[in-house]
Amino acid sequence: MRGTEPLIDAFGRIRETVHEVVEGLTPEELAYRVDAEANSIAWLVWHLTRIQDDHIADAAGTEQVWTSGGWADRFGLPFDPLATGYGHTPDEVAAVRVKSAEVLAGYHDAVHERTARYVERLTDRDLSRIVDQAWDPPVSLAVRLVSVICDDLQHAGQAAFVRGVLERRRPLPGSRSGG
């Protein structure tokens, strides 16, 4: 097994979770927040995808899919194009409204595809490369990728929790519980 295979698998699991979470939801359901301070599914999926896009583009030395693929224009959010959601206020979270679940999943799929292509070609030596000297110890590419995976999985789990709250309120398409 190559050192990158578990990383590719983990990013694939994030993609699967994103699709399960957003499937069949309306824009209103994607924007639902359990309270005024909470994150919505739309914000959580957008944010986890933005972080992955930002960090992979930085590691690969490429432009982010968000801008290069026209996703910033498709989403039309009122933020700087390089915003990732880090440090967003409750009002900024509320501003993340999407036209459809397909738009969220589409952006995530585009980022996943770029991520998988990048990670597939990495060698063990590449994974040892230091990508951030600001930490002690300095951060290797492998550690950065694991960090992205951990952050993404946490947010995907949070989005799944919010979907579960919605499912308890009424059955949703594709729900396992039926209500």
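**Helix packing and selected residues in a predicted model**

The backbone oxygen of Leu82 lies 3.5 Å from a polar atom of the side chain of Arg50, a polar contact being a pair of N or O atoms within 3.5 Å, of which, within protein, one must be able to donate a hydrogen and the other to accept it, while residues adjacent in sequence count only if both atoms are side-chain atoms. The model is a predicted one, in which local features need pLDDT of at least 70 and side-chain atom pairs count only at pLDDT 80 or more, whereas totals for chains, interfaces and linings use all residues. Residues are numbered from 1 along each chain as its sequence is written, and side-chain values use heavy atoms, with hydrogens and water left out.

Arg50 itself is placed in helix 3, where helices (H or I, at least four residues) and strands (E, at least two) are DSSP runs numbered from the N terminus. The side chain of Arg50 also reaches the backbone oxygen of Ala83, at 3.0 Å. Arg50 counts as buried because its relative accessibility is 0%; buried means under 20% relative accessible area, exposed over 50%, and partly exposed in between, with a 1.4 Å probe and protein chains only. When residues up to four places away in sequence are not counted, Arg50 touches Gln64, Trp66, Pro81, Leu82, Ala83, Thr84 and Tyr107, contact meaning heavy atoms within 4.5 Å.

Two packed helices are described by the angle between their axes and the distance between the axes. Axes are lines fitted to C-alpha atoms, for helices over the stretch in contact, and angles run from 0 to 180 degrees between N-to-C directions. Helix 3 (residues 41-60) packs against helix 7 (residues 101-120) at an angle of about 25°, with the axes 10 Å apart. Helix 3 is therefore roughly parallel to helix 7, given that angles under 35 degrees count as roughly parallel, over 145 as roughly antiparallel, 65 to 115 as roughly perpendicular and the rest as oblique. The residues of this contact of helix 3 with helix 7 divide into eleven nonpolar, five polar and two charged, where Ala, Val, Leu, Ile, Met, Phe, Trp, Tyr, Cys and Pro count as nonpolar, Asp, Glu, Lys and Arg as charged, and the others, Gly among them, as polar.

By class, the contact of helix 3 with helix 9 has 14 nonpolar, five polar and four charged residues. For helix 1 (residues 5-22) and helix 9, the axes come within 10 Å and cross at roughly 20°, and helix 1 and helix 9 are therefore roughly parallel.

Ser140 is placed in strand 2 (residues 139-140), and its side chain reaches the backbone nitrogen of Val143 at 3.2 Å. Ser140 is buried, with a relative accessible area of 13%. A cis peptide bond, with omega about 5°, joins Asp136 and Pro137, and Pro137 lies in the loop between strand 1 (130-132) and strand 2. Thr89, in the loop between helix 5 (71-75) and helix 6 (90-94), is partly exposed, with a relative accessible area of 37%.
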